[in-house]
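Hi there,

Here is the structure I promised to pass on. Have a look at it first, and my notes on what turned up follow below.

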Amino acid sequence: MFNLNVPTNVEKEKDTLGGRTILDSGLYKAVITKAYGTTSKSGAKGMVMSFDIHKADGKVVPFTHTFWVTNRTGSVTYKDKEGKEHFLMGFNQVDSICKGLARKGLVEISTEPRVLPVYDLNQKKEVPTEVQVAVELLGKELALGILKTRENKTTKVGDEYVPTVEEVFTNNIDKIFILKNGTPYTINEIEADSEASFAPKWVEKWKDQVQDKYKPVSSGYSASTATTTPLDIG
(Lines give C-alpha, C1' and ligand atoms only; values in the text may rest on other atoms or scores of the structure.)
Protein backbone atom coordinates (compact mmCIF):
# COMPACT_ATOMS: atom_id res chain seq x y z
CA MET A 1 0.00 0.00 0.00
CA PHE A 2 2.78 2.42 0.97
CA ASN A 3 6.01 2.47 -0.98
CA LEU A 4 8.34 3.25 1.93
CA ASN A 5 12.00 2.70 2.61
CA VAL A 6 11.93 1.27 6.14
CA PRO A 7 15.39 0.65 7.68
CA THR A 8 15.91 -2.36 9.95
CA ASN A 9 18.47 -0.96 12.41
CA VAL A 10 16.15 1.52 14.15
CA GLU A 11 15.51 1.49 17.91
CA LYS A 12 12.09 0.04 18.73
CA GLU A 13 9.52 2.05 20.63
CA LYS A 14 9.63 1.35 24.36
CA ASP A 15 6.73 0.99 26.78
CA THR A 16 7.31 3.94 29.11
CA LEU A 17 5.37 6.69 30.83
CA GLY A 18 8.21 9.08 30.13
CA GLY A 19 10.22 11.39 32.37
CA ARG A 20 11.65 10.57 35.76
CA THR A 21 10.47 11.04 39.29
CA ILE A 22 11.55 14.31 40.89
CA LEU A 23 11.89 13.85 44.64
CA ASP A 24 11.01 16.68 46.99
CA SER A 25 13.73 17.88 49.33
CA GLY A 26 14.26 15.47 52.16
CA LEU A 27 16.34 12.80 53.83
CA TYR A 28 16.09 9.43 52.09
CA LYS A 29 17.46 5.96 52.73
CA ALA A 30 19.33 4.69 49.68
CA VAL A 31 21.10 1.54 48.50
CA ILE A 32 24.01 1.81 46.07
CA THR A 33 23.39 -0.27 42.94
CA LYS A 34 26.19 1.07 40.72
CA ALA A 35 29.44 2.92 41.39
CA TYR A 36 31.97 3.41 38.62
CA GLY A 37 34.51 5.90 37.35
CA THR A 38 33.95 8.30 34.46
CA THR A 39 35.83 11.08 32.67
CA SER A 40 34.26 14.16 31.08
CA LYS A 41 35.20 15.56 27.66
CA SER A 42 37.18 18.26 29.43
CA GLY A 43 39.18 15.69 31.43
CA ALA A 44 37.45 15.98 34.81
CA LYS A 45 37.19 12.66 36.66
CA GLY A 46 34.06 11.56 38.45
CA MET A 47 32.19 8.72 40.11
CA VAL A 48 28.79 7.73 38.74
CA MET A 49 26.54 6.26 41.41
CA SER A 50 23.09 4.78 41.00
CA PHE A 51 20.84 4.38 44.01
CA ASP A 52 17.57 2.74 44.91
CA ILE A 53 15.82 5.46 46.92
CA HIS A 54 13.44 3.93 49.48
CA LYS A 55 10.49 6.23 50.15
CA ALA A 56 8.31 6.21 53.25
CA ASP A 57 5.36 4.87 51.26
CA GLY A 58 7.35 1.76 50.31
CA LYS A 59 8.06 2.81 46.74
CA VAL A 60 11.59 2.49 45.37
CA VAL A 61 12.80 5.24 43.03
CA PRO A 62 15.96 4.84 40.92
CA PHE A 63 18.30 7.81 41.08
CA THR A 64 21.69 8.38 39.44
CA HIS A 65 24.16 11.11 40.27
CA THR A 66 27.65 11.92 38.97
CA PHE A 67 30.05 13.19 41.64
CA TRP A 68 32.87 15.17 40.01
CA VAL A 69 35.94 14.48 42.15
CA THR A 70 38.48 16.46 40.10
CA ASN A 71 38.45 19.45 37.81
CA ARG A 72 39.67 19.36 34.21
CA THR A 73 43.30 19.71 35.35
CA GLY A 74 43.06 16.72 37.70
CA SER A 75 42.98 18.72 40.93
CA VAL A 76 40.68 17.63 43.78
CA THR A 77 40.74 21.12 45.33
CA TYR A 78 39.82 24.73 44.57
CA LYS A 79 40.74 28.08 46.10
CA ASP A 80 38.21 30.50 47.54
CA LYS A 81 38.31 34.30 47.19
CA GLU A 82 40.73 34.51 50.11
CA GLY A 83 43.10 32.01 48.54
CA LYS A 84 42.26 29.21 50.97
CA GLU A 85 42.23 25.71 49.50
CA HIS A 86 39.20 23.43 49.82
CA PHE A 87 38.28 20.00 48.51
CA LEU A 88 35.75 19.93 45.68
CA MET A 89 32.24 19.09 46.87
CA GLY A 90 32.14 15.93 44.75
CA PHE A 91 35.42 14.70 46.19
CA ASN A 92 34.23 15.36 49.75
CA GLN A 93 30.98 13.49 49.12
CA VAL A 94 32.52 10.39 47.54
CA ASP A 95 35.33 10.35 50.10
CA SER A 96 32.70 10.44 52.88
CA ILE A 97 30.80 7.56 51.28
CA CYS A 98 33.98 5.48 50.97
CA LYS A 99 35.12 6.20 54.52
CA GLY A 100 31.69 5.58 56.00
CA LEU A 101 30.84 2.40 54.09
CA ALA A 102 34.20 0.82 53.28
CA ARG A 103 36.34 2.26 56.08
CA LYS A 104 38.84 3.69 53.59
CA GLY A 105 39.20 6.89 51.60
CA LEU A 106 38.46 7.35 47.91
CA VAL A 107 42.12 7.01 46.89
CA GLU A 108 42.28 3.66 48.73
CA ILE A 109 39.06 2.14 47.40
CA SER A 110 39.56 -0.91 45.20
CA THR A 111 38.02 -1.19 41.73
CA GLU A 112 37.66 -3.90 39.12
CA PRO A 113 36.74 -3.76 35.43
CA ARG A 114 33.16 -4.67 34.56
CA VAL A 115 30.98 -4.18 31.51
CA LEU A 116 27.91 -2.04 32.26
CA PRO A 117 25.29 -0.24 30.15
CA VAL A 118 26.57 3.35 29.99
CA TYR A 119 24.96 6.23 28.11
CA ASP A 120 26.96 7.19 25.02
CA LEU A 121 26.62 10.82 23.95
CA ASN A 122 27.41 10.08 20.32
CA GLN A 123 25.01 7.14 19.97
CA LYS A 124 22.46 8.77 22.31
CA LYS A 125 21.71 5.49 24.07
CA GLU A 126 23.18 3.09 26.61
CA VAL A 127 25.83 0.78 25.22
CA PRO A 128 27.90 -1.99 26.91
CA THR A 129 31.03 -0.26 28.20
CA GLU A 130 33.93 -1.47 30.32
CA VAL A 131 34.26 0.71 33.42
CA GLN A 132 36.13 0.56 36.71
CA VAL A 133 33.62 -0.41 39.41
CA ALA A 134 34.01 0.33 43.13
CA VAL A 135 32.78 -3.12 44.16
CA GLU A 136 33.18 -2.45 47.89
CA LEU A 137 30.34 0.08 47.76
CA LEU A 138 27.76 -2.04 45.95
CA GLY A 139 24.70 -3.00 47.98
CA LYS A 140 25.62 -0.69 50.87
CA GLU A 141 22.93 1.43 52.55
CA LEU A 142 23.27 5.08 53.52
CA ALA A 143 21.11 8.20 53.75
CA LEU A 144 21.09 11.07 51.27
CA GLY A 145 20.09 14.66 51.85
CA ILE A 146 18.48 15.36 48.49
CA LEU A 147 17.39 18.82 47.35
CA LYS A 148 14.74 19.67 44.80
CA THR A 149 16.30 22.51 42.80
CA ARG A 150 14.65 25.04 40.49
CA GLU A 151 16.96 26.30 37.76
CA ASN A 152 17.08 27.52 34.19
CA LYS A 153 16.79 25.02 31.39
CA THR A 154 19.78 25.33 29.07
CA THR A 155 20.11 25.14 25.31
CA LYS A 156 23.23 24.61 23.23
CA VAL A 157 24.45 27.60 21.28
CA GLY A 158 27.62 26.79 19.37
CA ASP A 159 29.87 24.89 21.76
CA GLU A 160 28.29 26.30 24.92
CA TYR A 161 25.10 25.71 26.89
CA VAL A 162 23.27 28.93 27.76
CA PRO A 163 20.33 29.44 30.15
CA THR A 164 16.81 30.09 28.85
CA VAL A 165 13.72 31.52 30.57
CA GLU A 166 12.24 28.04 30.86
CA GLU A 167 12.45 26.59 34.36
CA VAL A 168 13.19 22.97 35.24
CA PHE A 169 13.30 21.05 38.50
CA THR A 170 16.13 18.65 39.26
CA ASN A 171 17.41 16.64 42.20
CA ASN A 172 20.84 17.15 43.69
CA ILE A 173 22.64 15.46 46.56
CA ASP A 174 23.45 18.09 49.15
CA LYS A 175 24.65 15.98 52.08
CA ILE A 176 25.89 12.45 52.73
CA PHE A 177 24.85 10.62 55.89
CA ILE A 178 26.14 7.29 57.15
CA LEU A 179 23.63 5.10 58.96
CA LYS A 180 24.58 3.60 62.32
CA ASN A 181 21.79 1.51 63.81
CA GLY A 182 19.38 3.44 61.60
CA THR A 183 20.60 6.87 62.77
CA PRO A 184 22.10 9.22 60.14
CA TYR A 185 25.57 10.59 60.98
CA THR A 186 27.88 12.85 58.99
CA ILE A 187 31.39 11.55 58.45
CA ASN A 188 32.65 14.36 60.72
CA GLU A 189 30.38 13.14 63.53
CA ILE A 190 31.59 9.56 63.06
CA GLU A 191 35.26 10.54 63.07
CA ALA A 192 34.77 12.76 66.14
CA ASP A 193 32.67 10.05 67.86
CA SER A 194 30.04 12.70 68.60
CA GLU A 195 26.25 12.61 68.66
CA ALA A 196 24.20 12.71 65.46
CA SER A 197 22.99 16.31 65.64
CA PHE A 198 23.36 17.60 62.07
CA ALA A 199 20.69 15.51 60.28
CA PRO A 200 17.75 16.99 62.27
CA LYS A 201 19.04 20.49 61.55
CA TRP A 202 19.37 19.69 57.85
CA VAL A 203 15.81 18.35 57.72
CA GLU A 204 14.47 21.37 59.62
CA LYS A 205 16.05 23.72 57.08
CA TRP A 206 15.29 21.88 53.85
CA LYS A 207 12.18 19.73 54.37
CA ASP A 208 9.53 20.68 51.81
CA GLN A 209 11.73 23.52 50.49
CA VAL A 210 13.01 24.29 46.99
CA GLN A 211 16.58 25.37 46.36
CA ASP A 212 16.03 28.24 43.93
CA LYS A 213 18.86 28.75 41.44
CA TYR A 214 16.68 30.26 38.73
CA LYS A 215 17.97 33.52 37.26
CA PRO A 216 16.02 35.92 35.01
CA VAL A 217 17.37 35.89 31.46
CA SER A 218 16.43 37.55 28.20
CA SER A 219 15.26 34.82 25.83
CA GLY A 220 12.42 33.87 23.52
CA TYR A 221 11.69 30.65 25.38
CA SER A 222 8.53 30.28 27.48
CA ALA A 223 8.64 29.00 31.03
CA SER A 224 7.06 25.77 32.20
CA THR A 225 7.00 23.79 35.40
CA ALA A 226 7.80 20.15 36.06
CA THR A 227 5.63 17.60 37.82
CA THR A 228 6.81 16.66 41.30
CA THR A 229 5.93 14.08 43.91
CA PRO A 230 4.85 14.75 47.52
CA LEU A 231 7.57 15.02 50.14
CA ASP A 232 8.55 11.74 51.79
CA ILE A 233 11.14 11.07 54.45
CA GLY A 234 12.38 7.57 53.75
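A network of salt bridges links Asp95, Lys99 and Glu191; a salt bridge here means a side-chain nitrogen of Lys or Arg within 4 Å of a carboxyl oxygen of Asp or Glu. Before the details, please keep in mind that this is a predicted model, where local features need pLDDT of at least 70, side-chain atom pairs count only at pLDDT 80 or more, and totals for chains, interfaces and linings use all residues. Residues are numbered from 1 along each chain as its sequence is written, and side-chain values use heavy atoms, with hydrogens and water left out.

In the Asp95–Lys99 pair, the closest N and O atoms are 3.1 Å apart. These two residues sit four apart in helix 1, so about one helical turn separates them. (Helices, H or I of at least four residues, and strands, E of at least two, are DSSP runs numbered from the N terminus.) Asp95 is buried at 12% relative accessible area, while Lys99 is partly exposed at 34%. The cut-offs are under 20% for buried and over 50% for exposed, with partly exposed in between (1.4 Å probe, protein chains only).

Lys99 also pairs with Glu191, with the closest N and O atoms 4.0 Å apart. Glu191 belongs to helix 2 (residues 187–191) and Lys99 to helix 1, so this bridge ties together parts 92 residues apart in sequence. Glu191 itself is exposed, at 52%.

The whole structure holds nine salt bridges. Another one of them joins Asp212 and Arg150, at 3.1 Å between the closest N and O atoms.

Best wishes
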